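Biologist: Can you walk me through this fold? I'd like to start with the strands.

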Amino acid sequence: MGRERVAQLEYSEFQAAMLDEAKRRRKAAKIIAVLAHFLGRDAGDGPVLDGRRVADIGCSAGFIADELAAAGAERAFGIDIDVPGLRKAAERFGKRVAFVCADGTALPFPDGSMDVLVFNHIYEHVVDPDAVIKEMRRVLADDGVLYLGLGNRLGVIEPHYKLPFLSYLPPALADRYVRSFGRADHYYERFRTRGGLRRMLAGFHVWDYSLPVLASPERFAGAELFPGPAGRAAQATLARAPRAALRALLPVVPTYLWVASKTPRRPLGPALPQPPQRVPTP
């Protein structure tokens, strides 16, 4: 690959986390819980995604796409360039999810045809995330929603290689860092700060669920975030902390959970100890 970034093909072949079924299904449960709150879908309202056209962009082996289908999607799609991952996905889940090999910059859907898109921890891996966001905006319905799991460049521990401050470094130094610890030959991923992510979502209306999920993990299928008594104490502190204090921490939160729409929408779910907040975008 050298110094030039090219598309990461066959990602599931060298990133074992993509094949960790239990972990991927837990991520899916959190995604669906966030969407349920935003859409105002309570347990008695039927399946969260009932009747909606849904696509997981960057689906790899298909576990999240399968859960989206199980949540009631009228049509569920999984999109990726990871051919081995797509093959595994189609073999297991092809009866209820349509898996398509396609680049995120050229999605195989008509304009405005998708009700829900999921883009979970993908942007740092693609060559041109701005182009992918633009393409998702094209295919998203005017009243549709886009779920985004977004890693933060200023998160202290880099999530893929577990090295502190790795994502802070310029590419040449980051390459040397991962090589010196024997983790990889190159550091491929490119994260953005909160400000950079806001600019990436220019023109969208965005709500931030990062703090609500941390403060109310049981509601958002995130109980594993705070294990044990110490974890429960930390969670209770987050739930009671002043909003201003938590907002001061947002620039270094390792992961942002955002829900975006093309037209103005508001979360329809019940009140939370720490409610979702609007993210100003250009």
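Biologist: In which sense do strand 1 and strand 2 pair, and over how many bridges?

Modeller: They pair in the parallel sense, over five bridges. Two strands count as paired if DSSP finds at least two bridges between them. Arg53 has Arg75 in strand 2 as its bridge partner.

Biologist: What are the ground rules here?

Modeller: This is a predicted model: local features need pLDDT of at least 70, side-chain atom pairs count only at pLDDT 80 or more, and totals for chains, interfaces and linings use all residues. Residues are numbered from 1 along each chain as its sequence is written, and side-chain values use heavy atoms, with hydrogens and water left out.

Biologist: How many helices and strands does the protein chain have?

Modeller: Ten helices and eight strands. Both are DSSP runs, numbered from the N terminus: helices are H or I with at least four residues, strands are E with at least two.

Biologist: What's the strand order in the sheet?

Modeller: The order is 3-2-1-4-5-7-6-8, in an open sheet of eight strands with mixed pairing. Strand 3 (98–101) and strand 8 (277–279) are the edges, each pairing on one side only. Neighbouring strands are turned by 25° against each other on average, direction ignored. Axes are lines fitted to C-alpha atoms, for helices over the stretch in contact, and angles run from 0 to 180 degrees between N-to-C directions.

Biologist: How many bridges join strand 1 and strand 4?

Modeller: Three, in the parallel sense. Val54 stands opposite Val116 in strand 4.

Biologist: How many residues of strand 1 are buried?

Modeller: Four of its five, so the strand is mostly covered. Buried means under 20% relative accessible area, exposed over 50%, partly exposed in between (1.4 Å probe, protein chains only). For the protein chain, buried residues make up 50% of the 282.

Biologist: Switching to packing. Which residues have the most contacts inside the largest nonpolar core?

Modeller: Leu117, Phe119, Met136, Leu146, Leu148 and Leu201, in a core of 43 residues. Such a core is a set of buried Ala, Val, Leu, Ile, Met, Phe, Trp, Tyr and Cys residues joined through side-chain atoms within 4.5 Å. Elements that each supply at least two of its residues include strand 4 (114–120), helix 5 (129–139) and strand 5 (140–151). A second, separate core has 38 residues, Cys59 and Val145 among them.

Biologist: What does Met136 touch?

Modeller: Leaving aside neighbours within four places in sequence, Met136 is in contact with Ile57, Leu107, Leu117, Phe119 and Leu146. Contact means heavy atoms within 4.5 Å.

Biologist: Which residues of helix 5 are buried?

Modeller: Pro129, Val132, Ile133, Glu135, Met136 and Val139. Seen down the axis of helix 5, they fall within an arc of 165°, so they line one face. That arc is taken from the directions from the helix axis to the C-beta atoms. Their cover includes strand 1, strand 4, strand 5 and helix 7.

Biologist: And helix 2, what does it lie across?

Modeller: Helix 2 (residues 21–39) lies across strand 4, strand 5, strand 6 (205–208) and strand 7, at about 135° to strand 5.

Biologist: How many disulfides?

Modeller: Zero in the whole structure. A disulfide is a pair of cysteine sulfur atoms within 2.5 Å.
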